[in-house]
Amino acid sequence: MQTAANIAQKQLGTYETAVHPEYKHAPDGKTMRALAWFGKEDVRVVDAPVPDITEPDDVILRVTGTTICGSDLHLRFMGIVDKVGENITQLQVGQRVVSSFQIACGECKYCQKKISSMCDRTNNSSLQNFMYGTRDAGFFGYSHFTGGFPGGQAEYVRVPKGQVNLLRIPDNVPDEKALYLSDILPTSYHSVVDTGVEKGDVVGIWGLGPIGQCAARWALLKGASRVIGIDTIPERLAFARDKSGIEVIDFKEHSDVAKRIHELVPGGLDVALDCGTFHEPKTMLHKVQKALMLETDVPETVNEMLLAVRKMGRCGIIAAYAGLANGVNLGALMEKGIRLIGNGQAPVAKYWEEILNEYIIPGKFDPTFILTHRVSIEDMAHLYAAFDKRQGGVEKVFVETKFSAPPSEGCPPLSQVQDWGSK
(Lines give C-alpha, C1' and ligand atoms only; values in the text may rest on other atoms or scores of the structure.)
Protein backbone atom coordinates (compact mmCIF):
# COMPACT_ATOMS: atom_id res chain seq x y z
CA MET A 1 0.00 0.00 0.00
CA GLN A 2 2.82 2.41 0.93
CA THR A 3 4.66 1.67 -2.30
CA ALA A 4 1.53 2.26 -4.37
CA ALA A 5 0.90 5.54 -2.55
CA ASN A 6 4.44 6.73 -3.23
CA ILE A 7 4.09 5.89 -6.95
CA ALA A 8 0.79 7.79 -7.14
CA GLN A 9 2.32 10.75 -5.32
CA LYS A 10 5.21 10.85 -7.78
CA GLN A 11 2.81 10.91 -10.73
CA LEU A 12 0.66 13.68 -9.23
CA GLY A 13 3.56 15.90 -8.23
CA THR A 14 3.63 18.09 -5.13
CA TYR A 15 2.30 21.42 -3.87
CA GLU A 16 4.54 24.30 -2.88
CA THR A 17 4.78 24.73 0.89
CA ALA A 18 6.24 27.10 3.49
CA VAL A 19 8.70 24.44 4.68
CA HIS A 20 10.50 21.61 2.95
CA PRO A 21 11.46 18.08 4.03
CA GLU A 22 14.91 18.10 2.48
CA TYR A 23 17.68 19.13 4.89
CA LYS A 24 21.33 20.08 4.82
CA HIS A 25 23.85 17.80 6.48
CA ALA A 26 26.17 18.92 9.25
CA PRO A 27 29.24 20.44 7.54
CA ASP A 28 31.67 18.33 9.60
CA GLY A 29 30.20 15.11 8.17
CA LYS A 30 28.99 13.96 11.58
CA THR A 31 26.62 11.00 11.66
CA MET A 32 23.94 9.81 14.07
CA ARG A 33 22.03 6.65 14.83
CA ALA A 34 18.54 6.69 13.34
CA LEU A 35 15.80 4.27 12.42
CA ALA A 36 15.12 3.87 8.71
CA TRP A 37 12.30 2.11 6.86
CA PHE A 38 13.35 -0.24 4.05
CA GLY A 39 10.04 -1.96 3.30
CA LYS A 40 7.27 -4.01 4.86
CA GLU A 41 8.37 -5.33 8.27
CA ASP A 42 11.90 -4.12 7.58
CA VAL A 43 13.18 -1.28 9.77
CA ARG A 44 16.83 -0.88 10.75
CA VAL A 45 18.96 1.39 12.90
CA VAL A 46 21.53 2.94 10.60
CA ASP A 47 24.16 5.67 10.50
CA ALA A 48 22.67 8.80 8.93
CA PRO A 49 23.90 12.37 8.43
CA VAL A 50 23.20 14.73 11.30
CA PRO A 51 20.84 17.48 10.09
CA ASP A 52 21.92 21.10 9.98
CA ILE A 53 19.99 24.37 9.88
CA THR A 54 18.40 24.40 6.44
CA GLU A 55 15.78 27.16 6.66
CA PRO A 56 15.91 30.24 8.95
CA ASP A 57 13.06 29.03 11.20
CA ASP A 58 14.71 25.64 11.88
CA VAL A 59 15.76 24.24 15.23
CA ILE A 60 18.04 21.21 15.59
CA LEU A 61 17.37 18.99 18.62
CA ARG A 62 19.53 16.47 20.42
CA VAL A 63 16.86 13.86 21.09
CA THR A 64 16.55 12.75 24.72
CA GLY A 65 13.39 10.69 24.31
CA THR A 66 11.28 9.14 21.58
CA THR A 67 8.69 6.36 21.44
CA ILE A 68 6.54 4.03 19.34
CA CYS A 69 2.79 3.77 18.83
CA GLY A 70 0.21 1.71 16.95
CA SER A 71 0.20 4.02 13.93
CA ASP A 72 3.84 4.85 14.44
CA LEU A 73 6.30 5.93 11.77
CA HIS A 74 8.68 8.02 13.90
CA LEU A 75 6.32 10.79 15.05
CA ARG A 76 7.07 11.62 18.67
CA PHE A 77 10.17 13.03 20.32
CA MET A 78 11.64 15.58 22.68
CA GLY A 79 15.12 16.84 23.38
CA ILE A 80 17.56 19.67 23.99
CA VAL A 81 17.99 22.59 21.60
CA ASP A 82 21.32 22.12 19.81
CA LYS A 83 21.17 24.80 17.09
CA VAL A 84 18.73 27.56 16.09
CA GLY A 85 18.07 29.33 12.80
CA GLU A 86 18.46 33.09 12.40
CA ASN A 87 14.69 33.73 12.80
CA ILE A 88 14.45 31.93 16.15
CA THR A 89 14.14 34.45 19.00
CA GLN A 90 12.18 32.59 21.70
CA LEU A 91 14.32 29.46 22.07
CA GLN A 92 17.94 29.10 23.13
CA VAL A 93 20.57 26.40 22.84
CA GLY A 94 20.43 24.09 25.85
CA GLN A 95 16.70 24.43 26.58
CA ARG A 96 14.55 21.31 27.03
CA VAL A 97 11.61 21.10 24.63
CA VAL A 98 9.04 18.64 23.33
CA SER A 99 8.05 18.60 19.67
CA SER A 100 4.57 18.39 18.24
CA PHE A 101 4.14 15.41 15.90
CA GLN A 102 2.77 17.81 13.29
CA ILE A 103 4.53 20.70 11.57
CA ALA A 104 2.53 23.93 11.63
CA CYS A 105 3.43 27.16 9.87
CA GLY A 106 2.03 29.40 12.63
CA GLU A 107 0.53 31.84 10.12
CA CYS A 108 -2.40 30.32 8.19
CA LYS A 109 -6.02 30.66 9.37
CA TYR A 110 -5.94 27.26 11.09
CA CYS A 111 -2.65 27.95 12.88
CA GLN A 112 -3.98 31.31 14.07
CA LYS A 113 -6.68 29.33 15.90
CA LYS A 114 -4.05 26.83 17.15
CA ILE A 115 -5.58 24.07 15.03
CA SER A 116 -2.07 23.04 14.12
CA SER A 117 -2.97 19.66 12.63
CA MET A 118 -4.94 21.39 9.88
CA CYS A 119 -2.17 23.78 8.79
CA ASP A 120 -2.57 24.66 5.12
CA ARG A 121 1.07 25.34 4.32
CA THR A 122 3.33 22.46 5.37
CA ASN A 123 2.14 19.31 3.57
CA ASN A 124 3.03 19.06 -0.12
CA SER A 125 1.04 15.85 -0.78
CA SER A 126 -1.11 16.10 -3.88
CA LEU A 127 -2.22 12.50 -3.23
CA GLN A 128 -3.85 13.45 0.07
CA ASN A 129 -5.41 16.47 -1.60
CA PHE A 130 -6.80 14.18 -4.33
CA MET A 131 -8.22 11.68 -1.83
CA TYR A 132 -9.64 14.11 0.75
CA GLY A 133 -10.12 17.40 -1.11
CA THR A 134 -7.69 19.17 1.26
CA ARG A 135 -4.48 18.36 3.14
CA ASP A 136 -3.50 17.98 6.78
CA ALA A 137 -0.36 19.59 8.15
CA GLY A 138 2.96 17.95 7.48
CA PHE A 139 3.86 15.23 10.02
CA PHE A 140 7.23 14.00 11.17
CA GLY A 141 8.05 10.58 9.74
CA TYR A 142 4.58 9.79 8.41
CA SER A 143 5.52 9.13 4.78
CA HIS A 144 5.07 11.29 1.69
CA PHE A 145 1.31 11.31 2.35
CA THR A 146 2.00 13.96 4.99
CA GLY A 147 4.94 15.75 3.47
CA GLY A 148 7.83 13.27 3.59
CA PHE A 149 9.56 14.79 6.63
CA PRO A 150 12.17 12.69 8.44
CA GLY A 151 11.00 11.35 11.78
CA GLY A 152 12.05 11.49 15.40
CA GLN A 153 13.48 8.04 16.12
CA ALA A 154 16.98 9.40 15.78
CA GLU A 155 19.69 11.10 17.85
CA TYR A 156 19.15 14.45 16.14
CA VAL A 157 16.08 15.95 14.44
CA ARG A 158 15.56 19.08 12.40
CA VAL A 159 12.32 20.83 13.44
CA PRO A 160 10.97 23.24 10.79
CA LYS A 161 9.23 26.32 12.19
CA GLY A 162 10.74 25.41 15.54
CA GLN A 163 9.33 28.38 17.40
CA VAL A 164 5.81 27.17 16.57
CA ASN A 165 6.30 23.42 16.90
CA LEU A 166 8.33 23.15 20.12
CA LEU A 167 7.14 23.63 23.70
CA ARG A 168 9.56 24.47 26.51
CA ILE A 169 9.51 22.04 29.41
CA PRO A 170 10.16 23.15 33.01
CA ASP A 171 13.05 21.50 34.84
CA ASN A 172 10.68 19.93 37.40
CA VAL A 173 8.90 17.89 34.70
CA PRO A 174 10.93 14.78 33.75
CA ASP A 175 11.19 13.55 30.18
CA GLU A 176 8.91 10.58 30.88
CA LYS A 177 6.05 12.98 31.72
CA ALA A 178 6.81 15.51 28.98
CA LEU A 179 7.43 13.26 25.98
CA TYR A 180 3.80 12.26 25.48
CA LEU A 181 2.72 15.89 25.05
CA SER A 182 4.01 15.32 21.52
CA ASP A 183 1.03 13.14 20.60
CA ILE A 184 -0.86 10.67 22.78
CA LEU A 185 -1.89 13.13 25.48
CA PRO A 186 -3.31 15.78 23.10
CA THR A 187 -4.76 13.03 20.87
CA SER A 188 -6.60 11.24 23.66
CA TYR A 189 -7.70 14.53 25.24
CA HIS A 190 -8.97 15.78 21.87
CA SER A 191 -11.04 12.64 21.34
CA VAL A 192 -12.83 13.23 24.65
CA VAL A 193 -13.24 17.00 24.35
CA ASP A 194 -14.11 17.14 20.65
CA THR A 195 -16.74 14.39 20.96
CA GLY A 196 -18.23 16.24 23.90
CA VAL A 197 -17.96 13.95 26.92
CA GLU A 198 -19.99 15.56 29.71
CA LYS A 199 -20.59 15.00 33.40
CA GLY A 200 -22.65 11.87 33.99
CA ASP A 201 -22.06 10.38 30.53
CA VAL A 202 -21.57 6.66 30.01
CA VAL A 203 -18.66 6.30 27.59
CA GLY A 204 -17.53 3.33 25.50
CA ILE A 205 -13.96 3.20 24.20
CA TRP A 206 -13.02 0.86 21.35
CA GLY A 207 -9.30 0.04 21.50
CA LEU A 208 -7.29 -0.03 24.74
CA GLY A 209 -3.88 0.88 23.43
CA PRO A 210 -2.19 4.00 24.83
CA ILE A 211 -4.73 6.38 23.25
CA GLY A 212 -7.71 4.42 24.58
CA GLN A 213 -6.17 4.02 28.03
CA CYS A 214 -5.52 7.76 28.26
CA ALA A 215 -8.95 8.61 26.85
CA ALA A 216 -10.53 6.54 29.63
CA ARG A 217 -8.80 8.65 32.24
CA TRP A 218 -9.66 11.92 30.51
CA ALA A 219 -13.31 10.85 30.31
CA LEU A 220 -13.35 10.17 34.06
CA LEU A 221 -11.70 13.53 34.74
CA LYS A 222 -14.41 15.20 32.63
CA GLY A 223 -17.07 13.60 34.83
CA ALA A 224 -18.10 10.43 33.00
CA SER A 225 -20.13 8.21 35.34
CA ARG A 226 -18.98 4.99 33.69
CA VAL A 227 -16.34 4.04 31.13
CA ILE A 228 -16.42 0.72 29.28
CA GLY A 229 -13.37 -0.37 27.27
CA ILE A 230 -13.55 -2.83 24.37
CA ASP A 231 -10.53 -4.87 23.27
CA THR A 232 -9.42 -8.50 23.13
CA ILE A 233 -5.80 -8.44 24.29
CA PRO A 234 -5.80 -9.84 27.85
CA GLU A 235 -3.01 -7.60 29.12
CA ARG A 236 -4.78 -4.47 27.86
CA LEU A 237 -8.10 -5.50 29.36
CA ALA A 238 -6.44 -6.21 32.71
CA PHE A 239 -4.46 -2.95 32.55
CA ALA A 240 -7.62 -0.88 31.98
CA ARG A 241 -9.62 -2.74 34.62
CA ASP A 242 -6.94 -2.83 37.31
CA LYS A 243 -5.08 0.47 36.78
CA SER A 244 -7.90 2.76 35.64
CA GLY A 245 -10.85 1.04 37.29
CA ILE A 246 -13.05 0.88 34.20
CA GLU A 247 -15.34 -1.88 32.97
CA VAL A 248 -14.11 -3.97 30.05
CA ILE A 249 -15.51 -6.15 27.28
CA ASP A 250 -13.49 -8.82 25.47
CA PHE A 251 -14.91 -8.84 21.94
CA LYS A 252 -13.82 -12.43 21.41
CA GLU A 253 -15.89 -13.46 24.42
CA HIS A 254 -18.78 -11.20 23.40
CA SER A 255 -18.72 -11.14 19.59
CA ASP A 256 -21.90 -9.04 19.48
CA VAL A 257 -20.41 -6.03 21.20
CA ALA A 258 -23.44 -3.78 20.77
CA LYS A 259 -25.73 -6.39 22.32
CA ARG A 260 -23.41 -6.75 25.30
CA ILE A 261 -23.31 -2.99 25.79
CA HIS A 262 -27.10 -2.75 25.78
CA GLU A 263 -27.15 -5.47 28.43
CA LEU A 264 -24.79 -3.39 30.56
CA VAL A 265 -26.28 0.00 29.65
CA PRO A 266 -29.99 -0.25 28.80
CA GLY A 267 -30.76 2.27 26.08
CA GLY A 268 -27.13 2.60 25.01
CA LEU A 269 -24.02 4.67 25.56
CA ASP A 270 -24.03 8.45 25.60
CA VAL A 271 -20.65 8.57 23.86
CA ALA A 272 -18.60 6.06 21.86
CA LEU A 273 -14.94 6.67 20.99
CA ASP A 274 -12.99 4.77 18.33
CA CYS A 275 -9.43 4.85 19.68
CA GLY A 276 -7.97 1.97 17.68
CA THR A 277 -5.35 2.13 15.00
CA PHE A 278 -5.59 0.75 11.45
CA HIS A 279 -8.30 -1.85 12.06
CA GLU A 280 -7.93 -5.47 11.04
CA PRO A 281 -11.20 -7.00 9.75
CA LYS A 282 -13.12 -9.28 12.11
CA THR A 283 -15.60 -10.87 9.69
CA MET A 284 -14.91 -12.97 6.60
CA LEU A 285 -16.86 -10.50 4.45
CA HIS A 286 -14.42 -7.70 5.19
CA LYS A 287 -11.37 -9.95 5.22
CA VAL A 288 -12.19 -10.86 1.61
CA GLN A 289 -12.96 -7.27 0.56
CA LYS A 290 -9.76 -5.96 2.07
CA ALA A 291 -7.67 -8.76 0.58
CA LEU A 292 -9.11 -7.95 -2.84
CA MET A 293 -8.47 -4.23 -2.21
CA LEU A 294 -12.18 -3.46 -2.59
CA GLU A 295 -11.83 -1.31 0.53
CA THR A 296 -8.87 0.21 2.34
CA ASP A 297 -10.58 0.26 5.74
CA VAL A 298 -13.27 -1.71 7.55
CA PRO A 299 -16.45 -0.21 9.09
CA GLU A 300 -16.97 -2.82 11.80
CA THR A 301 -15.98 -0.65 14.77
CA VAL A 302 -17.96 2.31 13.46
CA ASN A 303 -21.02 0.10 12.97
CA GLU A 304 -20.68 -1.32 16.48
CA MET A 305 -20.57 2.20 17.88
CA LEU A 306 -23.63 3.26 15.86
CA LEU A 307 -25.59 0.35 17.29
CA ALA A 308 -24.24 0.74 20.82
CA VAL A 309 -25.01 4.42 21.44
CA ARG A 310 -28.38 5.74 22.55
CA LYS A 311 -30.64 7.76 20.32
CA MET A 312 -29.04 11.18 19.74
CA GLY A 313 -25.75 9.75 21.05
CA ARG A 314 -22.28 10.87 19.96
CA CYS A 315 -19.57 8.84 18.20
CA GLY A 316 -16.03 10.15 17.82
CA ILE A 317 -13.35 8.75 15.52
CA ILE A 318 -9.78 9.49 16.58
CA ALA A 319 -8.59 6.15 15.16
CA ALA A 320 -6.46 6.07 12.03
CA TYR A 321 -8.37 5.44 8.79
CA ALA A 322 -6.93 5.92 5.33
CA GLY A 323 -9.68 5.70 2.71
CA LEU A 324 -12.84 3.80 1.87
CA ALA A 325 -14.95 1.30 3.84
CA ASN A 326 -17.95 -0.62 2.52
CA GLY A 327 -21.14 -1.24 4.44
CA VAL A 328 -21.35 1.67 6.89
CA ASN A 329 -24.73 1.59 8.65
CA LEU A 330 -26.01 4.95 7.43
CA GLY A 331 -29.55 3.97 8.41
CA ALA A 332 -28.63 3.79 12.09
CA LEU A 333 -26.71 7.04 11.81
CA MET A 334 -29.68 8.89 10.34
CA GLU A 335 -32.63 7.27 12.11
CA LYS A 336 -31.07 7.47 15.59
CA GLY A 337 -29.95 11.05 15.07
CA ILE A 338 -26.37 10.17 15.98
CA ARG A 339 -23.62 12.76 15.86
CA LEU A 340 -20.75 10.98 14.06
CA ILE A 341 -17.65 13.11 14.55
CA GLY A 342 -14.39 12.68 12.71
CA ASN A 343 -12.04 14.13 15.31
CA GLY A 344 -9.21 14.47 12.82
CA GLN A 345 -5.57 14.50 13.76
CA ALA A 346 -5.37 16.18 17.16
CA PRO A 347 -4.28 19.85 17.11
CA VAL A 348 -1.38 19.55 19.53
CA ALA A 349 -0.84 23.32 19.79
CA LYS A 350 -4.40 23.78 21.04
CA TYR A 351 -3.96 21.53 24.06
CA TRP A 352 -0.36 20.94 25.09
CA GLU A 353 0.04 23.99 27.35
CA GLU A 354 -3.30 23.27 29.04
CA ILE A 355 -2.39 19.63 29.63
CA LEU A 356 1.08 20.53 30.95
CA ASN A 357 0.04 23.38 33.25
CA GLU A 358 -3.40 22.26 34.41
CA TYR A 359 -2.99 18.50 34.60
CA ILE A 360 0.64 17.26 34.60
CA ILE A 361 2.31 19.86 36.83
CA PRO A 362 -0.49 19.87 39.47
CA GLY A 363 -0.48 16.04 39.45
CA LYS A 364 -4.03 15.58 38.16
CA PHE A 365 -2.80 13.40 35.27
CA ASP A 366 0.41 11.40 35.46
CA PRO A 367 1.34 10.14 31.97
CA THR A 368 3.76 7.59 33.37
CA PHE A 369 0.87 5.29 34.29
CA ILE A 370 0.91 4.09 30.67
CA LEU A 371 4.71 3.62 30.55
CA THR A 372 5.64 -0.06 30.74
CA HIS A 373 9.13 -0.33 29.21
CA ARG A 374 12.31 1.59 28.41
CA VAL A 375 14.75 0.58 25.65
CA SER A 376 17.70 1.99 23.74
CA ILE A 377 17.33 3.37 20.24
CA GLU A 378 19.69 0.58 19.19
CA ASP A 379 16.87 -1.86 20.02
CA MET A 380 14.27 -0.13 17.84
CA ALA A 381 14.05 -2.75 15.09
CA HIS A 382 13.33 -5.45 17.66
CA LEU A 383 10.88 -3.12 19.41
CA TYR A 384 8.69 -2.78 16.31
CA ALA A 385 8.23 -6.54 16.10
CA ALA A 386 7.60 -6.91 19.83
CA PHE A 387 5.14 -4.02 19.88
CA ASP A 388 3.21 -5.46 16.96
CA LYS A 389 2.86 -8.75 18.87
CA ARG A 390 2.06 -6.96 22.18
CA GLN A 391 4.99 -8.88 23.66
CA GLY A 392 5.76 -8.55 27.34
CA GLY A 393 2.53 -6.69 28.12
CA VAL A 394 3.89 -3.63 26.34
CA GLU A 395 1.73 -0.51 26.33
CA LYS A 396 4.00 2.52 25.97
CA VAL A 397 7.77 2.58 25.63
CA PHE A 398 10.31 5.29 26.39
CA VAL A 399 13.16 5.04 23.88
CA GLU A 400 16.41 6.58 25.06
CA THR A 401 19.42 7.89 23.15
CA LYS A 402 22.96 8.66 24.27
CA PHE A 403 21.66 12.11 25.29
CA SER A 404 18.95 10.83 27.65
CA ALA A 405 18.91 11.37 31.40
CA PRO A 406 18.67 8.28 33.64
CA PRO A 407 15.16 6.91 34.28
CA SER A 408 13.08 9.04 36.63
CA GLU A 409 11.89 7.71 39.96
CA GLY A 410 9.10 5.18 39.57
CA CYS A 411 9.66 4.75 35.81
CA PRO A 412 10.81 1.53 34.10
CA PRO A 413 14.56 0.82 33.99
CA LEU A 414 16.42 0.18 30.74
CA SER A 415 15.70 -3.26 29.31
CA GLN A 416 16.39 -5.25 26.15
CA VAL A 417 13.48 -6.39 24.01
CA GLN A 418 14.92 -9.90 23.72
CA ASP A 419 14.52 -10.29 27.48
CA TRP A 420 10.81 -9.42 27.58
CA GLY A 421 9.58 -12.93 26.81
CA SER A 422 6.37 -13.70 24.95
CA LYS A 423 4.00 -12.41 27.65
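Guide: Contact here means heavy atoms within 4.5 Å. The model is a predicted one.

Visitor: Does Ser-225 count as buried, exposed or partly exposed, and which is Glu-395?

Guide: Residues under 20% relative accessible area are buried, those over 50% are exposed, and those in between are partly exposed. Ser-225 has 47% relative accessibility, so Ser-225 counts as partly exposed. Glu-395 has 2%, so Glu-395 counts as buried.

Visitor: Which residues are in contact with Glu-395, leaving aside its neighbours within four places in sequence?

Guide: Glu-395 lies in the loop between α14 (380–388) and β17 (396–400). With those sequence neighbours left aside, the residues in contact with Glu-395 are Leu-208, Gly-209, Pro-210, Gln-213, Arg-236, Phe-239, Ile-370, Thr-372 and Phe-387.

Visitor: Is α6 parallel, perpendicular or oblique to α7?

Guide: Helix α6 (residues 184–195) packs against helix α7 (residues 210–221) with the axes 8 Å apart and at an angle of about 55°. Angles of 65 to 115 degrees count as roughly perpendicular and those under 35 as roughly parallel. The angle therefore makes α6, relative to α7, oblique.

Visitor: How many nonpolar, polar and charged residues are in the contact of α6 with α7?

Guide: From α6, the residues that meet α7 are Ile-184, Leu-185, Thr-187, Ser-188, Tyr-189, Ser-191 and Val-192. From α7 come Pro-210, Ile-211, Cys-214, Ala-215, Trp-218 and Ala-219. By class, the count for this contact is 10 nonpolar, three polar and no charged residues.

Visitor: Which element gives the most residues to the largest nonpolar core?

Guide: This core has 57 residues, of which Leu-181, Leu-185, Val-203 and Trp-218 touch the most other members. Two or more residues come from each of α6, β10 (202–206), α7, α8 (234–243), β13 (269–274) and α13 (348–360). With eight residues, the element that gives the most is α13.

Visitor: Which residues are in contact with Trp-218, leaving aside its neighbours within four places in sequence?

Guide: Trp-218 is one of the α7 residues that meet α6. Beyond its sequence neighbours, Trp-218 is in contact with Leu-185, Ser-188, Tyr-189, Val-192, Ile-355, Tyr-359 and Phe-365.

How values were computed
Residues numbered from 1 in each chain as written. Predicted model: local features only at pLDDT ≥ 70, side-chain atom pairs only at ≥ 80, totals over all residues. Heavy atoms only, no water. Axes fitted to C-alpha atoms, helices over the stretch in contact; angles between N-to-C directions. Helix = DSSP H or I, 4+ residues; strand = E, 2+ residues; numbered from the N terminus. Parallel < 35°, antiparallel > 145°, perpendicular 65-115°, else oblique. Nonpolar A, V, L, I, M, F, W, Y, C, P; charged D, E, K, R; others polar. Core = buried A, V, L, I, M, F, W, Y, C linked by side-chain atoms within 4.5 Å. Buried < 20%, exposed > 50% of the residue type's maximum accessible area, 1.4 Å probe, protein only.
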